[in-house]
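Work through the exercises below with the coordinates open. Each task is followed by a solution in steps.

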Amino acid sequence: MLFPGWQAGEERVVVFSPHDDDGVLGAGYAILAALADGAEVSVAIFCDGWGGYSTPEEAATIVERRREEAVAAYGDLGIPKEHIVRFDFPDLSLWPWLGWHLPDGSVGTNARVLPRMRELRPTRLLVPNGYREHVDHEATFRVGLYDGPQVGGAILADYGRAERIRSYLQYSVSSDFSPEDALVAGSSAGIRANRAIVARAEVEDRIIQALERFESQRQVIARIMEARRRNRVREGRAMELYLAFDPRPPLDYAPYHHLIARID
């Protein structure tokens, strides 16, 4: 249900993480599940994290510190350092980097993400919720939305070729999913997520242990962690929610044919 047509031992899952901790915060259960079933899991971290310091004294060392914390946190989940991809776009500023050729002559997300994804050859792509979250989260979602389908496209062949990504999931760090995306995906009325992982409370404990590696972000994510403690675990069961979606839903002409036939 989470990954339709899953082929055990042959899957490559890539998690787009706006900042180093977001992949653990929103997709930790899915990472553990994919690894347990023999998938290769990589995490692509988009922003350098320079804005995540809580005291002025931390500013000079925050980027390198967060790099080390990310290696430790994802290592706890079973993802080795070589499967952590860093794009290092400036923190709090990802949105204007979308595209290939930028107006100032530099290259943006597309020029760096597409070749790297064709090297990784993902079969599944997890992207952050693009609705009412941090601007870097919304921008990372757009990268997945635009660049994901191009990974298996017949363009820019000199940058490598890869198969089409089989399925996409949105994960949430703090906010509810888009009502529009939920409607298109066929979610039930009043409920926007259409996929869930229900796990033992010990799974949540393991995610919390990994998140504790991000010591520099303790104050930054304090409210998210408090909401997590209130909402994630109940009666010994932990939950992680997703929205499965099609990044390029085809235009369905059938309703229009019916409408025109009625008019005739």
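**Conventions.** This is a predicted model, in which local features need pLDDT of at least 70 and side-chain atom pairs count only at pLDDT 80 or more, while totals for chains, interfaces and linings use all residues. Residues are numbered from 1 along each chain as its sequence is written, and side-chain values use heavy atoms, with hydrogens and water left out.

**Exercise 1.** Determine where Ser42 lies and whether Ser42 is buried or exposed.

Solution. 
- Step 1: Ser42 belongs to strand β2, residues 40-47. Strands are DSSP runs of E with at least two residues, and helices are runs of H or I with at least four, both numbered from the N terminus.
- Step 2: The relative accessible area of Ser42 is 2%, so the residue is buried. The classes are buried under 20%, exposed over 50% and partly exposed in between, with a 1.4 Å probe and protein chains only.
- Step 3: Leaving out residues up to four places away in sequence, Ser42 touches Val13, Val14, Val15, His83 and Leu120. Contact means heavy atoms within 4.5 Å.

**Exercise 2.** Find the N to O distance and the accessibility of both partners in the salt bridges Asp88 with Arg86 and Arg200 with Glu202.

Solution. 
- Step 1: A salt bridge needs a side-chain nitrogen of Lys or Arg within 4 Å of a carboxyl oxygen of Asp or Glu. The structure holds 16 of them.
- Step 2: For Asp88 and Arg86, the closest N and O atoms are 3.6 Å apart. Asp88 is partly exposed at 29%, whereas Arg86 is buried at 18%.
- Step 3: For Arg200 and Glu202, the N to O distance is 3.1 Å. Arg200 is exposed at 56%, and Glu202 is partly exposed at 47%.

**Exercise 3.** Which residues make the nonpolar surface patch of about 480 Å²?

Solution. 
- Step 1: Patch residues have over 30% relative accessible area and no salt bridge; like charges are joined within 9 Å and nonpolar side chains (Val, Leu, Ile, Met, Phe, Trp, Tyr) within 5 Å. Areas come from the Shrake-Rupley method with a 1.4 Å probe; for residues, only the protein chains shown count as cover.
- Step 2: The patch is made by Leu251, Tyr253, Tyr256 and Ile260.
- Step 3: Tyr256 is in helix α8, residues 254-263, and is partly exposed at 48%.
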